[in-house]
Amino acid sequence: MDTVSSAARPQAPATGAPGLRLLATLLAVAALGAVPFVAPTMQLLVNLALAKGLAVMGVTVLLRAGQVSFGHALYFAVAAYGGAFLMAAMPGADLLLLLVAGVAGATLAGLLVGLFVVRYRGIFFGMLNLAFSMIFWSILEKFYHITGGADGIRLPRPTVLGMELGRGDFELVLFYLSIALMLGLGWFTIRWFASPMGQLFQTIKTNETRLEYLGVSPRRALLSGYLLSALLCGAGGVIMGVAQGVVTPEYAWWIRSGEMVFIAVLGGSGSVQGAFIGALIYEFVRTYASAFAGDVWQMLLGGFLLVIILFAPRGVIGIVEAIGRRTARSEDTR
Amino acid sequence: MNLTIFVLALFDGIAYAALVFIVALGLTLIFGVMRILNVAHGSLYAIGAYATVSLTGAFLAMGFAPVFAFPLMLVSAILVGVLLGGPIEWLLLRRIYDKPEVLQLLVTFAVFMILEDVQRLAWGSQPYFQAAALQALGNVTLFGVTYTVYQLILLPAVALTLLLGLRFFLRRTVIGKLILATTEDREAAQSIGIDADKVFLLTFIVGAALAGLGGALASPTTSILPGMGADMIVLSFAVVATAGLGQIEGAALTALLIGLGRSFAVYVWPETAVLVPYLIMVLVLLVRPEGLFGSPAARKI
Amino acid sequence: MSAPLLETRNLEIRFGGVIAANDVSLTIESGRNLAIIGPNGAGKTTFLNICTGWLKPTRGQVLFEGKDITPLPPRKIVRRGVARAFQIPQLFTEHTALENLLIAVAAREGLRNPVRDLHTIPERAEMMHLLEMVNCADVADRTVVELSEGQRKLVDIAVALALRPRLLLMDEPTSGVASSQKHRIMEILVEALAQAQVTSVFVEHDMGIVEKYADEVAVWNAGNVQLRGTPAEVLEHPDVIRDVIGEVA
């Protein structure tokens, strides 16, 4: 994160071979799309990873402005609970309606909290976000007659375009919806980074004084990205809630937020592709490691996070790019 | 609300504020000197509590009198400071002082994650109780309300002693003045021969020990269980942020404000008790973004 | 007579015990280049900071085109047509020189399209031209951290010009620029300012530059304007030779 990132130049990736990168992305998406048929036992796992990836993308957006939030699970939870309440109020509501409502709820929450937290940077920004997520978490826990307390509330299976689907079909629909969201929102986020608004947002990281002297409010610039980050977390939250069929206060718990930050840093701070690669690696390792490392999982995460920060500050994407550069250079000299 | 409940809420608030202040003091001291917000501070608090419970339990089992609980609290706090605080500063933080603030935050957050599991490994997830110290001091009746001496007198006395002691230490002793000099300008301090590395190490150990002491003192009055560290870091940050980062006297007043706010909420609308500290923080920061006692940092251009 | 472009009335500001602006009343007429000279600590940069809203005076007013702008934050003053270049260049260090200008255009035009690449906007050619003008076209695609100190100063000025201001405030525009280039840069700059009808105020220590490129000179001393006049008048004045030029030499 302290290295000169390619953040400012998204159209000229450091690997120097945009065609190759596109091909790799296409292959990876095709491989993901084949999961339900090639490896059906992994379908749910991949789906949960995609939900997390969407939320991690939200944290990634903020990293581009040099900010870290320890409370973005808040938006994850707001969207998931929003979906659950909607299902309770309108049994048999449509999946798309659920998605729209959850994302809208998260974005609205992002606006309310955002108007306050964009006044701060660094430590305050990170910790105030944490405080807001803890507030929401304790509301979920304490007001159990509304929220179901620690047990949470069920999120029954919604209809899809008016049809009531069986479990298998529904899970398939949800899976491809998640892939569509990854592609759609991922594309949008990458384009947004390169857009005038996205570029103004990213200058928060390097020089707010100049931003102010361009006639732009740094707070408003930060708020634009904050709303996008809340929206992305919201999309992830709805998918997660629907996939699990139940939402609990754990959705808003700080460990969940920490996990998102962890994956964002692991994947390569600031990289959209890295968010999903990180989320997939994370979910797989966690699932297979929980058998023997469940008790020390946080400890492993923390230790790994330290190693990444101290020795590979640009995460997995950074490592891949560094290797790419090295190979390119050695080919040049040949 | 009748008078008895009012007095009860008042006493609750004071006792609670004293505990929170001790923890927040460590947090704000470390920040004031080192410009680092230690997210793992809450874990140090929790480990201080666990260590006290274990040590006290062991001593009581060996037949020692309950008053031994008090020196054991001090021992626990020092252990936390030296065995955890020391290595954290020495092995990790020392490497990142020149890194961006966000990176420093991530590092202490990683330590937090690690220490949360360390607690679970060492002490499991079932709650612990150890009220020997509380019972050893008995009760006192004031304004018609019977309250424990431990909470009503000892805790505030310790908090006040620490506040005055730290003030005296920083302003009147040589080491304190060295610390303040390093805080103001690290390079200038080094150029006149101050070992800034040592100052930082010492500060972090003291700050960590204060977290441990907070946990030790809290242990007789609460059940010790996983998650208490996470609650405490957010709460003590709320106190420190409301006061203004690095403000020691301010933290004392804010702790009182937040402690009283919370305890009155407990009697009026219990569900909201946990929310009150944050509401106070948000309200204060809306009006004064740099905290009640902080001053806005002007950037030179 | 129409209102002056910028006018300050009785500005006063203190830092601790030091008075950095002491009853400063100054008018700046349209179409002139005013140089501000004076010893270090005389309050020259503070004056620019007050005029652009970065610092709020304890007393007094700043008027731009006859309207009171004293309470406005810098961004609102910038939006009214006052741009600023800094003594220490204020640039987006992870972006390229060209991108710094493109971002300035995005701010100027209020571009909102969330999926359009900033590099594809039509003003790109205009910005390349600006970079050519300040002699930095060859480093357009280098990130700011890779630029020399002098290049950063020039890009900083170009960013301010990209905003199409009516008044440009510059803090030592040629410090850090190689001395062989100083006059050439000032030549181009003054020409560009005249062409775009931009009025300028610049703080300067190099009396050669002041003499050649300023229409007027204001001498700062102890937080106030000690003397004002044409370069010829001011630079010959015995007080100025003693307090200002003597110090530089």
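Modeller: Let's start in chain C, where the axes of helix α4 (residues 124-133) and helix α5 (residues 149-162) come within 10 Å and cross at roughly 140°. Axes are lines fitted to C-alpha atoms, for helices over the stretch in contact, and angles run from 0 to 180 degrees between N-to-C directions. This is a predicted model, in which local features need pLDDT of at least 70 and side-chain atom pairs count only at pLDDT 80 or more, while totals for chains, interfaces and linings use all residues. Residues are numbered from 1 along each chain as its sequence is written, with chains lettered from A and ligands numbered from 1 in the order in which they are written.

Biologist: Why is α4(C) called oblique to α5(C)?

Modeller: Angles under 35 degrees count as roughly parallel, over 145 as roughly antiparallel, 65 to 115 as roughly perpendicular and the rest as oblique. The crossing is at roughly 140°, so α4(C) is oblique to α5(C).

Biologist: Which residues make the contact of α4(C) with α5(C)?

Modeller: Met127(C), Leu130(C) and Leu131(C) come from α4(C), and Ala158(C), Leu161(C) and Ala162(C) from α5(C). Contact here means that the C-beta atoms, placed from the backbone, lie within 7 Å.

Biologist: How do these six divide by class?

Modeller: The contact of α4(C) with α5(C) has six nonpolar, no polar and no charged residues. Ala, Val, Leu, Ile, Met, Phe, Trp, Tyr, Cys and Pro count as nonpolar, Asp, Glu, Lys and Arg as charged, and the others, Gly among them, as polar.

Biologist: Over to chain A. What makes α2(A) roughly antiparallel to α10(A)?

Modeller: Helix α2 (residues 43-64) and helix α10 (residues 218-244) of chain A pack at about 165°, with their axes 7 Å apart. That angle makes α2(A) roughly antiparallel to α10(A). The crossing of this pair is left-handed, and the contact has 18 nonpolar, six polar and one charged residues.

Biologist: How do you know that α1(A) lies largely in the open?

Modeller: A residue is buried if 20 or more other C-beta atoms lie within 10 Å of its own, exposed if 12 or fewer, and partly exposed in between. Of the 21 residues of α1(A), the number buried is zero, so this helix lies largely in the open. Helix α1 (residues 18-38) of chain A reaches 29 Å from its first C-alpha to its last, close to the 30 Å expected at 1.5 Å a residue.

Biologist: How many residues bring chains A and B into contact?

Modeller: There are 35 residues of chain A in contact with 34 of chain B. On the chain A side, α5 (122-142), α11 (254-267) and α13 (297-311) each give two or more residues, and α5(A) has the largest share, eleven residues. By class, that side of chain A has 21 nonpolar, ten polar and four charged residues.

Biologist: Why are α2(B) and α3(B) called oblique?

Modeller: α2(B) and helix α3 (residues 69-92) of chain B pack at about 135°, with their axes 9 Å apart, and the pair is therefore oblique. The crossing of α2(B) and α3(B) is right-handed. Their contact divides into 13 nonpolar, five polar and no charged residues.

Biologist: What makes Gly42(B) count as buried?

Modeller: Gly42(B) has 28 other C-beta atoms within 10 Å, so Gly42(B) is buried. This glycine lies in helix α2 (residues 41-61) of chain B. Leaving aside neighbours within four places in sequence, its contacts are Phe112(B), Gly229(B), Ala230(B), Met232(B) and Ile233(B).

Biologist: And why is Gln87(C) called partly exposed?

Modeller: Gln87(C) has 18 C-beta neighbours inside 10 Å, so partly exposed is the label. Gln87(C) sits in the loop between β6 (82-85) and α3 (97-109) of chain C. Not counting residues up to four places away in sequence, Gln87(C) touches Thr45(C), Asp171(C), Glu172(C) and Ser175(C).

Methods:
Helices (H or I, at least four residues) and strands (E, at least two) are DSSP runs, numbered from the N terminus. Two residues are in contact if their C-beta atoms, placed from the backbone, lie within 7 Å. The expected span of a helix is 1.5 Å times one less than its number of residues. A crossing is left-handed if the near helix is turned anticlockwise from the far one by less than a right angle, and right-handed if clockwise.
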